[in-house]
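Subject: Handing over the structure

Dear colleague,

I am passing on the structure we talked about, together with some notes on what came out of looking through it. Please open it alongside this email, so that you can follow the notes residue by residue.

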Amino acid sequence: MRQHPWLFLFPALLIMSISAFVPMMTVVNYSLHNIFAGSSPEFVGLENYAAVLSDADFRGALVRQLFFTVTILLIEIPLGVLLAHAIPHRGSGMALSLVLLGIPLLIPFNVVGIVWRLFAQSDIGVIPSLAALAGYDYNVSLHAVDAWLTLVALDVWHWTPLAALLAFSGLQAIPPAYYQAAAIDGASTWSTFRHVTLPRLRPVLTIGVLLRFMDSFTIYSEPLTLTGGGPGNTTTFLSFLIARKASSYELGYAGAASIIYLYIVIVLSYVFFQLLSGKQGATAR
Amino acid sequence: MKKRYFLLALYFLLLFAPIYWMLITSLKTDSEILAEFTLFPKQITFEHYREIFGSPEWRGSFANSLIYVTLNVLITLAVAIPAAYAFSRWSFRGSHHLFFWLLTNRMAPAAVFMVPFTELYYAMHLFDTHLAVALAHCLFSIPLAIWILEGFMSGIPREIDETAYIDGYSFPRFFVKIFFPLIAPGVGVSAFFCFTFSWVELILAKALTVTEAKPIVVTLTAGIGAEGVKWGLLSAAGVLTMIPGALVVYFVRNSMAKGFSLGRI
């Protein structure tokens with residue numbers, strides 16, 4: 001019994017091969033064919049990949065995607081660390097703060113979109129009314145800048161609590177003796193943070209950056225409900241583009257774009273992981 | 001000291017402003033929503049909630065979501081617990097690669113799987129069933145659950161297993177009586193994450209269902225984009241979808257911080 005790891009892994013691997021491996025091979029298969037409804041698929045080799053890579057829509061979506069992800073990471077992670085410092089360390093204040101932080105994380109993605117649509121919609125929202133007071137014509141469905149700012153605000157609103165919760169659990173694990181030692185040495189607040197806190201937060205922040213990277217890079221429901229990818233295609237991100245191509249049965253294109261997309265995510269995750277976790281973290285564990 | 005609580009209070013104020021706005025919108029009459037900007041409903045009405053509870057479509061899709069989410073949590077835990085045990089207790093040939101492969105599925109954008117899943121579940125005669133959505137969500141929830149559980153299990157010394165065997169415990173009895181209670185918080189946290197993911201996921205749930213298993217998230221988006229969106233109704237439905245999440249947060253509040261660090265603190 002104690003010598004058979006595969007026995008324990010079998011059920012999980014069975015389900016994963018049905019839900020992951022088979023569909024993935026189907027996607028690879030699509031990506032190598034030219035598919036029209038009603039006629040049999042024609043093998044085209046890597047043509048779809050070439051088409052995707054030279055497609056301005058795909059490149060545009062990729063650039064927007066990278067820009068969006070970098071923006072929200074730069075805001076959410078530092079803000080999360082800052083908030084984590086403000087949370088009380090014990091007692092009911094801590095419990096309350098943690099519960100309040102947890103709530104946004106459990107709102108369905110498209111409801112988050114709805115919440116923000118209500119908040120930002122030009123005829124009924126709070127933001128346009130406030131902006132109008134300041135003499136600014138705020139309109140998510142007309143101005144690309146407004147749509148962008150609102151999407152970034154939405155993501156920061158939705159996910160900063162995750163960064164804060166992670167950073168807080170990291171802070172809790174730092175022994176008080178470290179700070180006492182830093183105080184005795186006369187370290188400034190900043191250098192205490194830089195040399196005591198930050199290195200110790202590294203493992204949790206790695207998880208935070210990775211999770212936020214993967215999820216923001218695959219964002220779909222929020223732009224769908226908030227902006228519908230517009231105005232024009234200024235908020236059309238990769239998932240959105242692929243879903244649109246797949247729904248219009250451009251399966252070869254969608255397949256090739258999916259594979260490229262997935263590899264970008266995996267490679268960048270790996271790079272982030274290596275950069276953030278340092279030398280000791282050579283594997284995913 | 002005062003300054004940081006001020007910061008925290010200000011943050012929570014901003015955090016709950018949009019939620020407050022949705023809540024009061026759900027309590028306003030349609031004419032008030034469109035006619036003017038009010039920070040508190042002039043006349044509180046429950047008509048939107050009544051409409052939702054009176055409609056079989058809304059009630060049905062709410063139930064559908066709860067059914068496939070529950071199925072997903074049960075399937076995930078049933079297969080992830082033994083798998084995580086294997087990863088935490090044995091280092092076998094290829095275990096690191098297998099672990100990383102499992103995680104790469106967590107990274108996959110759901111849009112990638114939309115069409116192949118539709119075809120696969122058609123072929124398996126599972127299309128438009130609760131089981132189809134539950135299985136599709138397993139793609140993301142199993143790797144995550146294994147990752148979290150493995151973290152919790154690795155925190156439990158192997159000596160505990162060995163002592164139990166010396167005391168004459170059989171493996172199943174050891175697992176149920178001794179090991180399981182030790183990792184119970186991890187199981188709770190994993191269940192929380194699976195629940196969250198499956199409850200909030202839209203793209204696959206939408207692709208795999210038509211009527212029989214149509215989830216609440218899809219019923220919700222149906223009204224958007226059309227002329228004359230019923231904002232009051234939409235807000236009320238939005239408020240209702242937040243309730244299961246708020247309940248779950250309340251129940252796991254003690255192990256939540258640990259869970260968010262995936263058991264690695």
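What follows goes from one whole chain to the interface, and then to single residues and the pairs they form. Please keep in mind throughout that this is a predicted model.

I start with chain B. This chain has 13 helices and 0 strands, and accordingly its pattern, read along the sequence, is α-α-α-α-α-α-α-α-α-α-α-α-α. Its C-alpha trace spans about 75 × 60 × 30 Å along the principal axes. Chain B has 265 residues, of which 60% count as buried, while its accessible surface comes to about 11,400 Å², with 67% of that belonging to carbon and sulfur atoms. If you look at the contacts in chain B with a separation of 6 or more, 73% of them are made by residues 24 or more positions apart.

Next comes the interface of the two chains. In chain A, 89 residues are in contact with 90 residues of chain B. The size of an interface is often given as the accessible area lost when the parts come together. Here, chain A and chain B bury about 8,200 Å² between them, and 81% of this area is on carbon and sulfur atoms. On the side of chain A that touches chain B, the largest share, 18 residues, comes from helix H1 of chain A, which covers residues 5–31. Sorted by class, that side of chain A has 63 nonpolar, 21 polar and 5 charged residues. Across the interface the rule finds 0 salt bridges, and it finds 3 residue pairs in polar contact, counting pairs with both residues at pLDDT 80 or more.

In chain A, the side chains of Asp155(A) and Arg212(A) meet in a salt bridge, with 2.7 Å from N to O. Because Asp155(A) lies in helix H7 (residues 144–172) and Arg212(A) in helix H9 (residues 189–217), this pair ties together parts that are 57 residues apart in sequence. Asp155(A) has a relative accessibility of 1% and therefore counts as buried, and Arg212(A), with a relative accessible area of 1%, is buried as well. These two residues also belong to a network of salt bridges that links them with Glu76(A).

Another salt bridge in chain A joins Lys245(A) and Glu250(A), whose closest N and O atoms are 3.7 Å apart. Is each partner buried or partly exposed? Lys245(A) counts as buried at 16% relative accessibility, whereas Glu250(A) is partly exposed, with a relative accessible area of 35%.

In chain B, Arg89(B) forms a salt bridge with Asp161(B), and the closest N and O atoms are 2.9 Å apart. This pair links distant parts of the chain, since Arg89(B) is in helix H4 and Asp161(B) in helix H8 (residues 158–166), 72 residues apart. Both Arg89(B) and Asp161(B) are buried.

Helix H4 of chain B, residues 56–89, also holds Phe87(B), which is buried, with a relative accessible area of 2%. The C-alpha atoms of Phe87(B) and Pro185(B) are separated by 18 Å, and the two residues are 98 residues apart along the chain.

Back in chain A, Ser239(A) is found in helix H11, residues 238–247, and counts as buried at 1% relative accessibility. Its side chain is joined to that of Tyr261(A) by a polar contact of 3.2 Å. Leaving aside residues up to four places away in sequence, Ser239(A) touches residues of chain A, including Gln65(A), Thr218(A) and Tyr220(A), and it also touches Pro109(B) and Ala111(B).

Lastly, there is helix H6 of chain A, residues 126–133, whose buried residues are Val126(A), Pro128(A) and Ala131(A). What covers these buried residues includes helix H5 (109–120) of chain A together with helix H1 (2–27) of chain B. H6(A) is followed by Gly135(A), which has a positive phi, near 80 degrees.

With best wishes

Terms used:
Residues are numbered from 1 along each chain as its sequence is written. Chains are lettered from A and ligands numbered from 1 in the order in which they are written. This is a predicted model: local features need pLDDT of at least 70, side-chain atom pairs count only at pLDDT 80 or more; totals for chains, interfaces and linings use all residues. Side-chain values use heavy atoms; hydrogens and water are left out. Helices (H or I, at least four residues) and strands (E, at least two) are DSSP runs, numbered from the N terminus. Buried means under 20% relative accessible area, exposed over 50%, partly exposed in between (1.4 Å probe, protein chains only). Contact means heavy atoms within 4.5 Å. Buried area is the accessible area (1.4 Å probe) that two parts lose on being put together, summed over both. A salt bridge is a side-chain nitrogen of Lys or Arg within 4 Å of a carboxyl oxygen of Asp or Glu. A polar contact is a pair of N or O atoms within 3.5 Å; within protein, one must be able to donate a hydrogen and the other to accept it, and residues adjacent in sequence count only if both atoms are side-chain atoms. Ala, Val, Leu, Ile, Met, Phe, Trp, Tyr, Cys and Pro count as nonpolar, Asp, Glu, Lys and Arg as charged, and the others, Gly among them, as polar. Accessible areas come from the Shrake-Rupley method with a 1.4 Å probe; for residues, only the protein chains shown count as cover.
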